Amino acid sequence: QVQLVESGGGLVQAGGSLRLSCAASGRTFSSLNMGWFRQAPGKEREFVGAIGWSGSKFAYADSVKGRFTISRDITKNTVYLQMYSLTPEDTAVYYCAIDRLRFRDAIRSNPEEYEYWGQGTQVTVAS
């Protein structure tokens, strides 16, 4: 059974930083793209960024480019989202997800391309 568990969310002041973790069990992501999404109240779930299965390809939403960085630790089967220069607009529940297809070359931003999801972790940025 595939399980994703996010952690690291919390309350932070504007301009602060947080690092989210996504620990996967039941499936290794060495052959799968891993994505981060977020959903603010009253809004649709939106793509934040993703790391390709090879670990050498990345994609980020324009809204977080230059502020957020994704990395992974294969030995821990964990993906990270490092967030800097947070603003109140970054307030949302953050989710990690696993791509449906193994060895997909292109990173997808559509949530429907992702099969497994974590329960989410709340990030609140105070002004």
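**Overall fold**

The protein has zero helices and 11 strands. Its radius of gyration is 13 Å, close to the 14 Å that the globule rule gives for 127 residues, so the protein is as compact as a globular protein of that length. The model is a predicted one.

**Dimensions, surface and contacts**

- Taken along the principal axes, the C-alpha atoms fill a box of roughly 40 × 25 × 25 Å.
- The accessible surface is about 6400 Å², and carbon and sulfur atoms account for 48% of this.
- Of the 127 residues, 43% count as buried.
- Among contacts between residues at least 6 apart in sequence, 60% join residues at least 24 apart.

**Four-stranded sheet**

- An open sheet is formed by four strands in the order S1-S3-S8-S7, with antiparallel pairing.
- S1 (3–7) and S7 are the edge strands, each with a single partner strand, so one side of each has no neighbour in the sheet.
- On average, neighbouring strands of this sheet are turned by 15° against each other, direction ignored.
- The antiparallel pairing of S7 and S8 runs over six bridges.
- Asp73 has Thr78 in S8 as its bridge partner.

**Nonpolar core**

- The largest nonpolar core contains 34 residues, and those with the most contacts inside it are Met34, Trp36, Phe68, Leu81, Met83 and Tyr94.
- Strands that each supply at least two residues of this core include S3 (18–25), S4 (32–39), S8 (78–83) and S9 (92–102).
- S9 gives the most to this core, with five residues.
- Beyond its neighbours within four places in sequence, Phe68 is in contact with residues including Arg38, Val48, Tyr60, Leu81, Met83 and Tyr94.

Key
Residues numbered from 1 in each chain as written. Predicted model: local features only at pLDDT ≥ 70, side-chain atom pairs only at ≥ 80, totals over all residues. Heavy atoms only, no water. Core = buried A, V, L, I, M, F, W, Y, C linked by side-chain atoms within 4.5 Å. Buried < 20%, exposed > 50% of the residue type's maximum accessible area, 1.4 Å probe, protein only. Contact = heavy atoms within 4.5 Å. Pairing = 2+ DSSP bridges. Axes fitted to C-alpha atoms, helices over the stretch in contact; angles between N-to-C directions. Rg over C-alpha atoms; globule rule 2.2 N^0.38 Å. Areas by Shrake-Rupley, 256 points an atom, 1.4 Å probe, with all protein chains shown as cover.
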